Amino acid sequence: MRISVIGCGYLGAVHAASMAELGHDVVGIDVDRSKVEALQRAEAPFYEPGFEDLLGTTLATGRLRFSTDMADAREATVHFLCVGTPQKKGEYAADLRYVDAAIESLLDVLKPGDLVAGKSTVPVGTAARLAELVSGKVPGAMLAWNPEFLREGFAVQDTLHPDRLVYGLPEGPEADTARARLDEVYAAIVTAGTPQVVTDYATAEMVKTAANSFLATKISFINAMAELCEATGADVKLLADAIGHDDRIGRKFLNAGLGFGGGCLPKDIRAFMARAGELGADQALAFLREVDSINMRRRIRMVELAREVCDGSLLGKRIAVLGAAFKPDSDDIRDSPALNVAAQLQLQGAVVRVTDPAAGDNIRTSWPQLDVVDTPEQAAERADAVLLLTEWAQYRELDPVAFGELVTQKRVLDGRNALDRDRWTAAGWTYRALGRRAG
Ligand code: UGA
């Protein structure tokens, strides 16, 4: 099939290469010339394990190319909308300007019979509005909503082997045509027995925001338990293990620590609340405000804990920060809890040295005031405290004995409950973590 993918960020670039991997002829379109040129040279503009290899192999087949010109989408019959929907400045609502701009320029090349498939995370009601624009301008063209659930760090795997396919279809006879077209696009995934949920626009849009809200709630739930553990002397890690054994609860997404960040969960729960307010149903999502504030409180608590271990004052204290991306296996620093803590420490007078295996360049560009070094050893040199804020595998595996030789004070704060407390304390470190007793 001939496919266009509009918007080549994490979602679109991975989707475009994955569709080519499935055998389709794909053009990825983005307004950012430097991104398009990098992708065309088989260089990933962001860190995503496995993506650059996939990009290289699919470009080499001749089935994938990238362009800044929407006219190149003219040959395609299915057009995936993958542009970003960030939080509006100064408001909770989603900023739909990229979605609107993409649709407007797509309308110029759309043909009767074409299918527009929305993948971006949008406020419920957006698909119905866009469908009217599509059929109003190009009678016979259709729109479906087909949300994407990929996680950064696992983007290729999640796109090629998703947990489920969700199709939000138009009403009436077009539904069967749109469904058949999507089934053809995803033939290999459908044949593999992937569950499908076939529904209307509103449900499909809500599946995405509901899923992210649930994940955020689960994380904030365990972080609220961590606050209580701090007050009672209980251990949140063991608590999570114990409740996670119950299949109905499950252990995943119950890792207490610094909480959630990134380009999705925080802005999605806020946009969901804003939309509920517009629909007169704000009470239904009032709990998400608490989810958000529990999450934000963890960052403040981490700074307090750092002050506490630094004998009550951060002024002039040398602090090593291990990890700055919003999660491991990513170079994404959007709303990164780690970076937020690093910046607060620096603003409160500490001498902060940050290191991250992938996000170094992004921090240097966006936060030039922070001292970024290449290795954890450089960060730890003469440190008064070491903070693990993003749980990269290489940080989990550090040797606490050798690492202890570098610092002035063997104090480690585990912001992700990721280190082996016994190993670190055996090596003479004072170990502190969110939701756990001091070791
Ligand atoms: C999230 C969802 O997991 C994806 O399904 C969704 O498609 C995506 O948003 C999106 O909307 O595009 P992602 O933002 O890549 O994916 O990251 P997650 O793996 O969900 O992690 C989010 C944050 O939660 C990270 O900061 C992570 O450190 C934190 N987290 C995760 C915890 O604090 N504790 C946990 O137990 C799990």
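This is a predicted model: local features need pLDDT of at least 70, side-chain atom pairs count only at pLDDT 80 or more; totals for chains, interfaces and linings use all residues.
Which domains does the shell around the ligand draw at least three residues from?

The shell around the ligand takes at least three residues from domain 1 (2–198) and at least three from domain 2 (216–433).

The ligand has 21 residues around it, and the nearest are Phe-149, Leu-150, Glu-152, Asn-212 and Phe-326. By type, the shell consists of 10 nonpolar, 4 polar and 7 charged residues.

## Backbone contacts to the ligand

For Asn-255, a backbone N or O atom is 2.9 Å from a ligand oxygen. For Gly-261, the distance between a polar backbone atom and a ligand oxygen is 3.1 Å. For Gly-259, a backbone N or O atom is 3.4 Å from an oxygen atom of the ligand.

The ligand taken alone would expose 720 Å², and 90% of that area is buried by the protein. Helix H9 (201–232) and helix H11 (265–278) are the elements that each give two or more residues to the shell. The largest contribution is that of H9, which supplies 4 residues.

## Cysteines

How many disulfides does the structure hold? The count is 0. A disulfide is a covalent bond between the sulfur atoms of two cysteines. In this model, a pair of cysteine sulfur atoms must be within 2.5 Å to be counted as one. The cysteine sulfur closest to that of Cys-8 belongs to Cys-82, and the two are 7.9 Å apart, so they are too far from each other for a bond.

Cys-8 is buried, because its relative accessibility is 0%. Cys-264 is partly exposed, with a relative accessible area of 34%.

Most residues other than glycine have a negative phi.

Conventions: Residues are numbered from 1 along each chain as its sequence is written. Side-chain values use heavy atoms; hydrogens and water are left out. Buried means under 20% relative accessible area, exposed over 50%, partly exposed in between (1.4 Å probe, protein chains only). A residue is near a molecule or strand if one of its heavy atoms lies within 4 Å of it. A polar contact is a pair of N or O atoms within 3.5 Å; within protein, one must be able to donate a hydrogen and the other to accept it, and residues adjacent in sequence count only if both atoms are side-chain atoms. Accessible areas come from the Shrake-Rupley method with a 1.4 Å probe; for residues, only the protein chains shown count as cover. Ala, Val, Leu, Ile, Met, Phe, Trp, Tyr, Cys and Pro count as nonpolar, Asp, Glu, Lys and Arg as charged, and the others, Gly among them, as polar. Domain bounds come from an automatic or database domain assignment.
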